[in-house]
Amino acid sequence: YAAPALLVAKHDGSWRMVVDYKKLNNITIKDNHPLPNMEQAIQVLGGGYNFFSKLDMKSGFWQIPIKEEDKYKTAFITPDGLYEWNVLAQGLKNSPPSFQRVMTDILSPCRQFSLVYIDDIIIYSRSFEEHLAHMTQILSILLKHNFQHQIDYLSHTISEHSGLSWYRKFIPQFATIAASIHKITNLTKPNKKKFIWGDSQKQAFLQLKYLLVTSPLFLDFPNDKYPIILTADASKIGIGGTLQQIIDGETKNLYYHSQVTSSTQRRYDPIELEALAIWLCFQRMRSYLLGRSIIIYTDHCPLCNMMNSSVKNRRVDRISILLQEYNIEKIIHIKGQHNCLADYLSRHPIQHHEEIFDADYGIKMLFDVEPPTTVSVPDTKPPVINAVVTRSKRKQMLQQQVVSSHTLPINPSKKTFSDIQPTNIEPSTSFTCPYFDIERIKEEQTKDPNIQRKIKELQGKNIRTSYIFHDELLYKLMPMHKNSIKKTKVIFLPTTLVDSLLKAYHTDPLAGHFGIKRTYLKLKNRFKWPGMLHSIIRYIKKCLPCQQHNISRIRKPGHLCSIDPPDALFQLIGIDFCGPFNRTPRDNQYVLCITDYFTRCINAIALPNCSAQTTAQTIFDDYICLYGVPKSILSDQGIHFNNQLMDSMAKLIGYTHIFSTVYHPQSNGMVERFNATFVPQLAKLQDRYNNNWDEYLSPVVFAYNTGVHSTTHYSPFQLQFGREPRLPIDKPSSTYVFHKPNDYYTQLRKSLQIIYNNAHINIIQQQSKYKKPYDKHRSDPIYAINDQVLTKIQGSRSKLDPRYSIIPRIIVKTQHPIYWVKDQTSQFIHRVHVNDIRPI
């Protein structure tokens with residue numbers, strides 16, 4: 001037995017040692033000693049008792065010794081060797097029930113006036129003298145058994161009037177509803193004469209009674225016969241969690257929790273945020289969870305094994321160690337669509353510190369001056385009932401609020417809480433009428449000089465023309481279809497009505513924002529005006545929703561810009577990670593690929609992780625120390641490459657680190673192409689049962705380097721070493737005799753110079769060959785500074801979310817095909833490729 005140990009910082013700046021007893025807990029037989037029933041305990045304390053004292057056992061677990069023959073099981077690792085616990089350690093599965101059994105047994109004579117919940121003891125009495133006697137008896141028993149204590153029960157404040165206040169965490173807006181009651185019950189002693197129970201207090205009291213007995217606000221107490229289900233979720237806004245039990249097929253709600261994440265926590269990785277949500281819920285619900293069987297539901301699959309094995313994330317592993325003292329049966333993955341309640345709580349967290357969690361809760365904490373006589377809720381924030389907004393939808397709503405150029409009027413009137421009723425939500429979409437008033441067309445035709453000139457020509461001369469004037473309207477005669485002799489008349493539209501007509505036939509919901517061809521075919525048999533098709537094309541290309549959502553059926557813009565080949569090897573290298581793969585017995589999970597842009601020679605190193613430290617150490621040991629310092633290194637902008645450690649190494653050793661554009665892997669396409677090549681080769685060779693892909697990595701790389709490359713027409717091996725590789729099946733090569741060592745160097749230099757020149761020419765020719773078909777039928781727009789454009793939204797999104805940014809962005813720097821654009825909302829400047837830009 002040897003468990004790892006680590007130090008965790010406390011809030012006060014001190015340190016707590018935590019031991020990871022995962023493996024020991026997995027083989028430990030569960031102790032099913034019951035915990036006190038919380039509902040009964042609270043009911044007993046609310047039974048008219050006037051005096052309460054609460055004792056907390058000082059380092060409670062450490063006051064219980066461990067049997068000598070079992071101490072070796074608690075061994076943990078330190079830099080100075082193995083140590084064993086002499087007393088009950090935190091993190092062991094059976095520590096809480098074992099401690100509860102001891103405390104229950106020794107305090108059994110005091111059950112009539114005390115309650116014990118693990119290391120919390122509360123003594124309750126009706127008179128002061130009786131309370132002194134009870135305290136003396138309790139302290140005598142603790143002294144007899146050598147227990148130490150320090151002079152809130154289950155994190156609740158108990159008083160003789162605690163029957164209602166205990167439920168304050170279960171009632172939304174408790175402080176607001178009960179404000180009128182607290183106004184008269186929290187009076188100071190000199191102001192007790194001002195106590196008046198009026199209508200506002202009566203209405204508030206009745207409202208609280210109603211909320212207590214109305215589902216789903218009424219929460220249940222835990223039933224020890226059934227496991228407790230904790231469902232947690234996290235977002236960039238906050239974390240949320242629900243505590244439930246399924247009893248006889250019915251779900252009982254025990255607790256709701258949500259809180260805002262800090263600015264630091266918002267930068268956590270998704271797996272760290274989800275684990276943080278679980279840990280914060282455990283902290284908040286500790287009195288419900290400690291000693292009970294727990295099942296955790298999460299919509300983040302990688303956390304399902306966090307209690308049994310490491311997930312290779314320091315924060316998550318630390319949280320899993322802190323959770324060892326709880327009896328967690330299993331962690332189950334559920335789909336995000338089934339995690340609505342916790343998801344909603346994480347997106348609507350408690351924004352400010354809530355007074356209901358303070359022991360000294362009072363009306364003075366709510367109001368700096370005299371509290372109001374009525375409780376009201378502003379109209380500007382109507383209640384939301386059963387509303388769930390997804391992450392992508394919420395982001396889109398926030399962006400649309402910024403785009404909107406008008407503000408909604410705020411109604412300063414207020415309603416009382418009892419006046420708030422659920423209302424039917426009216427459809428927000430307004431449908432414009434696509435019907436054109438014939439009289440307006442007549443009016444606009446009379447103002448159009450071009451139309452009036454044609455009308456005069458028709459009235460003055462009897463000539464054959466494609467126009468007719470009928471019922472004071474000018475019509476255009478158009479063939480019904482191609483090669484048709486029969487013609488039909490369509491209204492000749494004034495140019496002043498073109499935009500309104502296109503709005504009706506394209507932008508209107510009944511038009512559906514369809515494309516150019518469909519819109520043109522709808523209009524061509526009804527209206528006609530000069531430059532009709534060009535007007536439709538121009539209008540739809542300027543339609544912002546169409547640019548944001550439409551899928552382009554043509555090739556992405558931007559011609560191929562090849563990287564100029566280096567003059568020799570070891571000048572420009574590309575690096576990239578491939579993985580994660582299944583973890584091998586050697587603990588490898590990633591592959592770092594290093595490619596020379598001249599020879600196309602590959603170095604691939606199997607690694608256990610892709611951290612910045614591992615990356616820098618590998619590049620230094622496995623490349624720089626073997627081949628020297630390259631002039632430039634090209635990589636993507638992953639955190640394993642773009643960090644302070646890599647920047648410092650570049651400055652210290654003396655090379656230039658070039659980063660490719662985000663979401664444009666073609667910038668480092670040579671490495672990406674090799675990644676797509678060697679993975680299938682490993683899959684063909686590996687032993688699926690032993691998972692030994694890393695054993696075949698070096699042979700696969702050797703096979704690649706010894707093959708002729710289609711671009712250089714030489715093998716990477718030959719370009720690097722100046723000779724053909726000798727393979728296992730080859731015959732011994734003929735020998736060359738050199739009279740002097742310098743003769744070999746001269747011959748090698750001549751050979752390398754010849755193949756380098758040929759390889760350089762071949763690379764340029766192949767790049768030109770690839771560029772021609774790539775650029776064919778592909779636009780290459782060039783933008784200027786201050787142009788407004790839309791940029792592609794990368795990452796996962798729902799099907800109805802826009803593909804391009806809702807808010808137009810401004811180009812502030814150009815280096816075609818790379819552009820720097822500024823977000824008008826956040827003022828953040830980022831780099832994008834012309835492929836990911838759409839003009840407005």
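This is a predicted model: local features need pLDDT of at least 70, side-chain atom pairs count only at pLDDT 80 or more; totals for chains, interfaces and linings use all residues.

Reader: Which strand does Thr231 lie in?

Author: Strand 9, residues 228–234. Strands (E, at least two residues) and helices (H or I, at least four) are DSSP runs, numbered from the N terminus.

Reader: And what does Thr231 touch?

Author: Leaving out residues up to four places away in sequence, its contacts are Gly240, Gly241, Thr242, Gln244, Tyr297, Ile334, Asn339 and Ala342. Contact here means heavy atoms within 4.5 Å.

Reader: Let's follow Gln244, then. Is it buried or exposed?

Author: Gln244 is buried, because its relative accessible area is 16%. Gln244 is part of strand 10, residues 238–247.

Reader: Which side chain does Gln244 have a polar contact with?

Author: The side chain of Asn253, at 2.9 Å. A polar contact is a pair of N or O atoms within 3.5 Å; within protein, one must be able to donate a hydrogen and the other to accept it, and residues adjacent in sequence count only if both atoms are side-chain atoms. Beyond four places in sequence, Gln244 also touches residues including Pro227, Ile229, Leu254 and Leu341.

Reader: Changing topic: how many disulfides?

Author: Zero, taking a disulfide as a pair of cysteine sulfur atoms within 2.5 Å. For Cys304, the nearest cysteine sulfur is that of Cys301, 4.6 Å away, and Cys304 is in no disulfide.

Reader: Why does Cys304 count as buried?

Author: Because its relative accessible area is 18%. Cys110 is buried too, at 0%.

Reader: What about Phe205: where does it lie?

Author: Phe205 sits in helix 8, residues 199–212. Phe205 counts as partly exposed, since its relative accessibility is 34%.

Reader: Now zoom out for me. How many helices and strands are in the chain?

Author: There are 25 helices and 29 strands. The chain has 840 residues, and 41% of them count as buried.

Definitions and conventions
Residues are numbered from 1 along each chain as its sequence is written. Side-chain values use heavy atoms; hydrogens and water are left out. Buried means under 20% relative accessible area, exposed over 50%, partly exposed in between (1.4 Å probe, protein chains only).
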